[in-house]
Amino acid sequence: MLYPQINECREMMCLDGFWNFYAERKDGVMYDNPPDRFDSLRTIAVPASWNDQYEDLYDFFGKGWYEKNEYVPISWSGKNVYIRLGSVSGTAKVWVNGSFAAEHTGTALPIEADITNYVKFGEKNRIVVLADNTLDPWGLPPATLMDNEGRMGFSKSYPAVTYDFFPYGGIQRSVYLYACAETRIEDITVVTSPEKGIAEVSFDIELNRSIKAELWVETDDRKILCTVDGKSAKCVFQTENPRLWNVGEPNLYNARFSIVKDGKTVDCYELTYGIRKVEIQENAIFINGKKVFLKGVGKHEDFYIIGKGFSHALTVKDFALMKKLHANSFRTSHYPYDEKILDYADREGFLVIGETPFVGLNHRNFTNDVLNKALTVLEEMISRDKNHPSVIMWSLANEPCPDCTEADGFFKTLAQAARKLDGTRPITYVAHMEAEDNEPIKYFDIICVNKYYGWYLYPGQIDGSLKEFSDCLDSFYDKYKKGVILTEFGADAIAGMHTSPAQMFSEEYQAEMIEKQYRLFASKTYAAGAHVWAFADFKTAQSISRIIFNRKGIFTREREPKMSAHMLEKLWNDNN
Ligand code: GCB
């Protein structure tokens, strides 16, 4: 699915801003379909989670109805019109002028529908979106059965989710209406294979309907004519001495694709791509034949008031801070992030581990039903993000339960599917911190693992747990003989809390622990990268182990540095 854009053939309008909102509660009026008038409406902002916009919505995990009345220009008549929502929490349904237009399950990925038949051109159109954020034990990610006494959630939390971030609800990414010709370019897949001064670039183009036409590809001072005869076309060329994309060297090319029929341009689309090759060799990551050690962080989409809503300013700020640290990479823990974040990573030369929303999977989740859903989500994610040079590998899960024998077949199928969908990137999965036997690892190219020595294990003992930390990683490597990325290690620190000697929750403890564990891990021959958990403090469900936020951020939630941020800036600058 291509990101909407305005160009010579396509028009677009953004529906971000104020929408009407109705929160459906058991003691209020409940709807199956949008009524002519909702019982009561208030204003809500899009894109943003609803939870922090009004106090009474803070712990509302149900059906949120959004409504907007918007003109569709008369100049769009005769064209096909689509609605595209970047992400809606849980299950989403969309109606246009009372007609049902689309349904989608799964958070953090787009929903798109052809709404041509429902639109009134030159008039106001009523768009209604249902965002159903009911916590679902079979969802991806799964929530445990709601148990408000907190017996079943992550660390006995309220709400009882199986993962450690707040289950924010709502329309959390931008909403667009866009118009293009009846025949349109629906998908483009870019594959680049650089080899000793020459690179092969291949574009696979998919159309929504069959046509016999010219396909012009303009890129890098070339104008290539290919033909489409049917619904797809391929264009392959070789380029000498290409400017390769790499970490810190974000060389991007533009490509413009136009479908020309009888001398008239029917549709066109522009995208940027990078020429680069990712390989795993000798336990390490190589980009264009150069070895790279991942230095960076695990992140979240999370900020005050907007919750998981996208913000351009926050994106710029976060990248600026990561650059200041001399970080070269991050993981989209624990779900796919807004595409604009990946665009920015392409432009800034950051390496990204793109993660699925398969977090908190436990015994009950390894069923055929969940697997089928997971396969759809995986396909949607890879199809959405495949053209970003910054995305260097796919992570197919974060910490599935360590002792689930059922997980083996589940991950075998997912791993095979991922390789089929994208043969150009390595695949990984993040093993559980307590995992001794992690059999699914055999299906992956490189292993990620989270370790919390000095915190959940050996609390209060940084030096006293270093040997165990080291031994445990060594035996992990000895068992699987694959390169290891330490995707999480860290400690909660409450900004402004200082102790001497370093004690848990102080800034000193966090900084000392991260530095000692990083230095030790980075010295291992099998170490392929280390990501500190986490970039910034973030909102979680409430529990006795979380002081409003998970405080493992090296920055506060406001993005102010803790001691560990200053320490890492120096450590990573000194080429460690
Ligand atoms: C983990 C999880 C992460 C949590 C972190 C923690 O292993 O992957 O989502 O936030 O531990 O702080 O407990």
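Which strand is Thr487 found in? Thr487 belongs to strand S25, residues 484–488; helices (H or I, at least four residues) and strands (E, at least two) are DSSP runs, numbered from the N terminus.

## Ground rules

This is a predicted model, where local features need pLDDT of at least 70, side-chain atom pairs count only at pLDDT 80 or more, and totals for chains, interfaces and linings use all residues. Residues are numbered from 1 along each chain as its sequence is written, and side-chain values use heavy atoms, with hydrogens and water left out.

Thr356 is in the loop between strand S21 (351–355) and helix H3 (368–385), and with a relative accessible area of 1% it is buried. A polar atom of the Thr356 side chain lies 3.1 Å from the backbone oxygen of Leu396. That falls under the polar contact rule: a pair of N or O atoms within 3.5 Å, where within protein one must be able to donate a hydrogen and the other to accept it, and residues adjacent in sequence count only if both atoms are side-chain atoms.

## Around the ligand

The ligand has 14 residues around it, and the closest are Asp164, His334, Glu399, Tyr456 and Lys552; a residue counts as near if one of its heavy atoms lies within 4 Å. By class, that shell holds 5 nonpolar, 4 polar and 5 charged residues. For the sorting, Ala, Val, Leu, Ile, Met, Phe, Trp, Tyr, Cys and Pro count as nonpolar, Asp, Glu, Lys and Arg as charged, and the others, Gly among them, as polar.

Some side chains put an N or O atom by a ligand oxygen: His334 at 2.7 Å and Arg546 at 3.1 Å. Asn550 has a polar side-chain atom 2.9 Å from an oxygen atom of the ligand. On its own the ligand has 320 Å² of accessible area, and the protein covers 98% of that. Accessible areas come from the Shrake-Rupley method with a 1.4 Å probe; for residues, only the protein chains shown count as cover.

Tyr456, one of the closest residues to the ligand, is found in the loop between strand S24 (446–450) and helix H5 (463–480). Tyr456 is partly exposed, at 37% relative accessible area. Together with Leu457 and Tyr458, Tyr456 forms a nonpolar surface patch with about 250 Å² of accessible area. Patches take residues with over 30% relative accessible area and no salt bridge, joining like charges within 9 Å and nonpolar side chains (Val, Leu, Ile, Met, Phe, Trp, Tyr) within 5 Å.

## Salt bridges

Side chains of opposite charge can pair when their charged atoms come close. The whole structure has 41 salt bridges, each a side-chain nitrogen of Lys or Arg within 4 Å of a carboxyl oxygen of Asp or Glu. One of them joins Glu11 and Lys79 (3.4 Å, N to O). Glu11 lies in strand S1 (residues 11–14) and Lys79 in the loop between strand S4 (63–72) and strand S5 (80–85), so this pair ties together parts 68 residues apart in sequence. Glu11 is partly exposed at 28%, and Lys79 is partly exposed at 24%.

Arg126 and Glu67 meet at 2.8 Å, N to O. This pair links distant parts of the chain, with Arg126 in strand S9 (residues 123–132) and Glu67 in strand S4, 59 residues apart. Both Arg126 and Glu67 are buried. There is also a network of salt bridges linking Glu8, Glu218, Arg256 and Glu270.

The peptide bond from Leu140 to Pro141 is cis, with omega near 0°, and another cis bond joins Tyr158 and Pro159, with omega about -5°. Pro141 is in the loop between S9 and strand S10 (175–180), and Pro159 is in the loop between S9 and S10.

Arg559 has a positive phi, near 80°, and is a residue other than glycine. Arg559 lies in the loop between strand S28 (549–550) and helix H7 (563–573), and is buried at 4% relative accessible area.

Conventions. Buried < 20%, exposed > 50% of the residue type's maximum accessible area, 1.4 Å probe, protein only.
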